[in-house]
Amino acid sequence: AKPIVAIVGRPNVGKSQLFNRLAGKRLSIVEDTPGVTRDRLYADSDWRGRDFTVIDTGGIEPSNDNEILQFMRLQAETAISHADVIILITDLRTGVTAADQDVASMLLRSGKPIVLAVNKCDKPGDPPAEFYEFYNLGLGEPFGISALHGYGVGELLDAAYEHF
Ligand code: GDP
Ligand code: MG
């Protein structure tokens, strides 16, 4: 069976940006089909010749702080029960938040393979000092990426691929 990669993270960290990048051309074909929702949650992708399914667990997200944590716990549960590999996305600009810590420990307890991405690392080269804070999530080496520009996404996928 095709491995399932789930993308989890707070609102606005760039889940959909990464999802769209991984889904690539195949997603635009789906979007052109009348009656098909534009906010696709599942897409087929491939890396190094291996097909996989990517899930954006976000979709329409709450903006109310109290609802965000509950929503994220649901996202994480969905990912834990359906995915073979989970990508937790965080945001360099906001740094590590309490919600990131909560979800990281939930994911860690699940025993599923987790790959930690720090998005919005838009400048190629050495990561800025703020990057190192993400090691504190206890999920191992963080991968600095720019879902917007594509930097680091190959290395992130290589890390996910090890668990396919
Ligand atoms: P989601 O809520 O987690 O799905 O996040 P989105 O993918 O909708 O992105 C939220 C905002 O962050 C949008 O304005 C994106 O354009 C922006 N964004 C996403 N990825 C990047 C990135 O790598 N760099 C920068 N600078 N902005 C990004
Ligand atoms: Mg989204």
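User: Is D100 buried or exposed, and why?

Analyst: A residue is buried if 20 or more other C-beta atoms lie within 10 Å of its own, exposed if 12 or fewer, and partly exposed in between, with C-beta atoms placed from the backbone. D100 has 24 C-beta neighbours inside 10 Å, and therefore counts as buried. This is a predicted model, in which local features need pLDDT of at least 70 and side-chain atom pairs count only at pLDDT 80 or more, while totals for chains, interfaces and linings use all residues. Residues are numbered from 1 along each chain as its sequence is written, and chains are lettered from A and ligands numbered from 1 in the order in which they are written.

User: Where is D100 found, and which residues does D100 touch?

Analyst: Helices (H or I, at least four residues) and strands (E, at least two) are DSSP runs, numbered from the N terminus. D100 belongs to helix α3. Two residues are in contact if their C-beta atoms, placed from the backbone, lie within 7 Å. Leaving aside residues up to four places away in sequence, D100 touches R10, T90 and L137.

User: How does one describe the way helix α2 lies against helix α3?

Analyst: Two packed helices are described by the angle between their axes and the distance between the axes. Axes are lines fitted to C-alpha atoms, for helices over the stretch in contact, and angles run from 0 to 180 degrees between N-to-C directions. Here the axes of α2 (residues 65-82) and α3 (residues 98-110) come within 10 Å and cross at roughly 25°. The helices α2 and α3 are therefore roughly parallel; angles under 35 degrees count as such, over 145 as roughly antiparallel, 65 to 115 as roughly perpendicular and the rest as oblique.

User: Which residues make the contact, and of what classes are they?

Analyst: From α2 come I68, L69, M72, R73, A76 and I80, and from α3 come A99, D102, V103, M106, L107 and S110. For the classes, Ala, Val, Leu, Ile, Met, Phe, Trp, Tyr, Cys and Pro count as nonpolar, Asp, Glu, Lys and Arg as charged, and the others, Gly among them, as polar. The residues of this contact comprise nine nonpolar, one polar and two charged.

User: Which backbone angle deserves attention in N12 and in K120?

Analyst: The angle is phi. N12 has a positive phi of about 75° although it is not a glycine, and K120, also a residue other than glycine, has a positive phi near 75°. N12 sits in the loop between β1 (4-9) and α1, and K120 in the loop between β5 (114-119) and β6 (143-144). With 16 other C-beta atoms within 10 Å, N12 is partly exposed, whereas K120, with 21, is buried.
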